[in-house]
Amino acid sequence: MKPIIQEETTGCGIAACAALAGIGYQECRQIANRMGIFADDKSLWSQTGYVRKLMSELGVSAEQAEIPFTDWEALPDKALLAIKWRMENGTPFWHWVVFVRQHNESFVLDSKKALKHNVRRDFGRMKPKWYIPVYP
């Protein structure tokens with residue numbers, strides 16, 4: 001898997017879904033927009049419904065529940081993670097990233113454009129709140 005860079009400030013959910021589906025950001029954004037999902041809609045990064053619908057449309061299977069994060073070793077081989085979790089005016093917000101374990105290596109695909117490296121291994125700096133297991 002490779003990182004997909006979000007082309008909009010609030011496009012982390014679209015970029016994460018694109019990475020999981022193995023397609024580019026533009027293609028994923030077009031599919032999302034046809035479904036009525038837009039990067040600037042706060043529901044994309046304050047609720048799970050939109051990313052779940054988009055993953056389903058893209059043929060990506062995921063667990064129905066969010067699982068509290070305990071430690072990196074407990075994660076499945078693929079997961080959608082909620083990091084940078086915070087409350088704003090009573091509403092939770094987060095940044096979507098993709099955790100991957102393959103070939104005895106673990107890393108996070110982070111779509112944030114400003115990062116020097118979008119494949120992250122600085123696990124101590126990321127503070128996941130919960131995750132959604134993603135199935136092959």
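Is His103 buried or exposed?

**Exercise 1.** Classify His103 in this predicted model, then do likewise for the residue Asn104.

*Solution.* Start with where His103 sits: in the loop between β4 and β5 (105-109). Next, take its relative accessibility, 74%. The cut-off for exposed is over 50%, so His103 counts as exposed. Now turn to Asn104, whose place is also in the loop between β4 and β5. Its relative accessible area is 86%, so Asn104 is exposed. Last, check the backbone: phi of His103 is near 50°, and Asn104 has a positive phi of about 60°. Neither value belongs to a glycine.

**Exercise 2.** Work out whether His95 is buried or exposed, and find its side-chain polar partner.

*Solution.* Begin with the strand: His95 is found in β4 (residues 91-102). Its relative accessibility is 9%, and buried means under 20%, so His95 counts as buried. Then look for the partner: the side chain of Asp110 makes a polar contact of 2.7 Å with that of His95. Beyond four places in sequence, His95 also touches other residues, including Cys12, Leu81, Ile83 and Ser111.

**Exercise 3.** Describe the lining of the largest pocket.

*Solution.* First, the space: the largest pocket holds about 210 Å³. Second, the residues: His95 is part of the lining, and so are Gln6, Thr9, Thr10, Cys12, Trp45, Lys84, Arg86, Trp94 and Lys112. Third, sort them by type, which gives 3 nonpolar, 4 polar and 3 charged. Finally, assign strands: β3 (78-88) and β4 each supply at least two lining residues.

Conventions. Residues are numbered from 1 along each chain as its sequence is written. This is a predicted model: local features need pLDDT of at least 70, side-chain atom pairs count only at pLDDT 80 or more; totals for chains, interfaces and linings use all residues. Side-chain values use heavy atoms; hydrogens and water are left out. Helices (H or I, at least four residues) and strands (E, at least two) are DSSP runs, numbered from the N terminus. Buried means under 20% relative accessible area, exposed over 50%, partly exposed in between (1.4 Å probe, protein chains only). A polar contact is a pair of N or O atoms within 3.5 Å; within protein, one must be able to donate a hydrogen and the other to accept it, and residues adjacent in sequence count only if both atoms are side-chain atoms. Contact means heavy atoms within 4.5 Å. On a 1 Å grid over the protein atoms alone, a cavity is a set of points where a 1.4 Å probe fits but cannot get out, and a pocket is an open set with protein on both sides within 12 Å along at least five of seven lines; lining residues have an atom within 4 Å of a point. Grid points are joined across faces, edges and corners, and a volume is the space filled by probe spheres set on the points. Ala, Val, Leu, Ile, Met, Phe, Trp, Tyr, Cys and Pro count as nonpolar, Asp, Glu, Lys and Arg as charged, and the others, Gly among them, as polar.
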